[in-house]
Amino acid sequence: MEAFALIKRNEADIIKVEEPKLSGIYNAILTPVAISVCTSDVNTVYGSGSKKPDNLILGHEAVARVLEVGEKVKDFKSGDIVVVPSMTPDFHDKDIQDGNFLHAGANFSANTLGRSTPGVFAREFEVANVDLNLAILPEGVSLGNGLMCTDMVTTGFTGAERVNFGDTVVVLGIGAVGLMAICGASLRGAGRIIAVGSREVSIPLAYEYGASEVISYKECDITEYVLKTTGGKGADIVIIAGGNDRTFSDAIDMVRYGVGKVVNLKLFTGDGSMEIPKFSSGRGMSGKSVYMELGKGGRVRMERLLSMVKHKRFAPEKMITHIFEGFENVVPALELMKDKGNTVIKTMILTGW
Ligand SMILES: [Zn+2]
């Protein structure tokens, strides 16, 4: 079968591999109907992360059709169209009982697809523990809306979950995750949402999803702006969904003393440190909290997000700027995400399968 795989660092291509065989009684084999390339796929190919398995099949964003299920699978059958979350926790690990879903048993254990196991960019792929990890695409929910829930929505909303009614929220970055953090913050009842970014294609969507203002690094000093316009107090919550290594310390600088929260959703690539400034952290005594988050996964999470989409709370498919037909277009789609021209937010590839 065809699969889009990492050949070696800086090189990915469509290769021929053996079809996967069902390896567990709780698992299923699926074929992707719609897929999207994520910035983390770009990082897997072009980044400096840890050594990956040879010919690792990429991809973790898919809406798929079930082909075959293991004998203990209760709720899914061949032919079902399902949303596959990018994070598929190992619900059989005892660490789950501590509420540790994403790192149960091992660091990043939920981040399997396209990382430690073959990803979704293949004619067939396997998902483990499907009764706990897949969600049926509800009637009336488009492929695009379902596809965006797999990663962008759940990750952005993970940042927004700490927002309280009336909070002043800063969202640093208006790529897809930033846009969904804005949307989530708005749905959580934020008061003021300051979105930070300059990508033209994203600005109208940032407003549509709930930003009260969109400001750009290019036009002003963001920290100064946030402090000045909050009477020197700073924001209640700063969500990091973009920027560079400096951004982490900026976030500490612009969040409130006592109750302020910094929630990071950004992947910090390369070596070195994310610095916490001594002064604005109150020399370590400011009462500011830092959360480092990976988007949540699992079936119930997906079902909740899909319910919101179905009942028209928001429409994440508006972020899809490029639609391709035919699996082979996963190759140009990866390039598009790598070069991040001014017109792209997310892609959708209809595989034709
Ligand atoms: Zn991703």
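A salt bridge here is a side-chain nitrogen of Lys or Arg within 4 Å of a carboxyl oxygen of Asp or Glu. Keep in mind that this is a predicted model, where local features need pLDDT of at least 70 and side-chain atom pairs count only at pLDDT 80 or more, while totals for chains, interfaces and linings use all residues. Residues are numbered from 1 along each chain as its sequence is written, and side-chain values use heavy atoms, with hydrogens and water left out.

**Exercise 1.** Find the salt-bridge partner of Arg 256 and say which parts of the chain the pair ties together.

*Solution.* Start at the side chain: Arg 256 pairs with Asp 236, and the closest N and O atoms are 2.6 Å apart. Arg 256 sits in the loop between helix H7 (247-254) and strand E13 (261-264), and Asp 236 in the loop between helix H6 (222-229) and strand E12 (237-240), so the pair ties together parts 20 residues apart in sequence. Last, check burial (buried is under 20% relative accessible area, exposed over 50%, partly exposed in between; 1.4 Å probe, protein chains only). Asp 236 is buried at 12%, while Arg 256 is partly exposed at 24%.

**Exercise 2.** Work out which protein atoms hold the zinc ion as donors.

*Solution.* Donors are N, O and S atoms within 2.8 Å of the metal (3.2 Å for Na, K and Ca); water is not among the atoms, so sites may look incomplete. That search gives Cys 38 (SG), His 60 (NE2) and Asp 151 (OD), at 1.9 to 2.2 Å. His 60 lies in the loop between strand E4 (56-57) and strand E5 (62-69) and Asp 151 in helix H3 (residues 143-160), so this pair ties together parts 91 residues apart in sequence. Now the burial: His 60 is buried at 7%, and Asp 151 is buried at 9%.

**Exercise 3.** Asp 131 is buried yet has no salt bridge; find what its side chain does reach.

*Solution.* First look for opposite charge (Lys and Arg count as positive, Asp and Glu as negative; His and the chain ends are not counted). The nearest such side chain is Arg 299, 4.3 Å away. Then turn to the backbone: a polar atom of the Asp 131 side chain lies 2.7 Å from the backbone nitrogen of Lys 74, and the side chain reaches the backbone nitrogen of Asp 75 at 2.9 Å. Finally, follow Arg 299, whose side chain meets Glu 303 in a salt bridge (2.8 Å, N to O).

How values were computed
Helix = DSSP H or I, 4+ residues; strand = E, 2+ residues; numbered from the N terminus. Polar contact = N/O pair within 3.5 Å; in protein donor to acceptor, adjacent residues only side chain to side chain.
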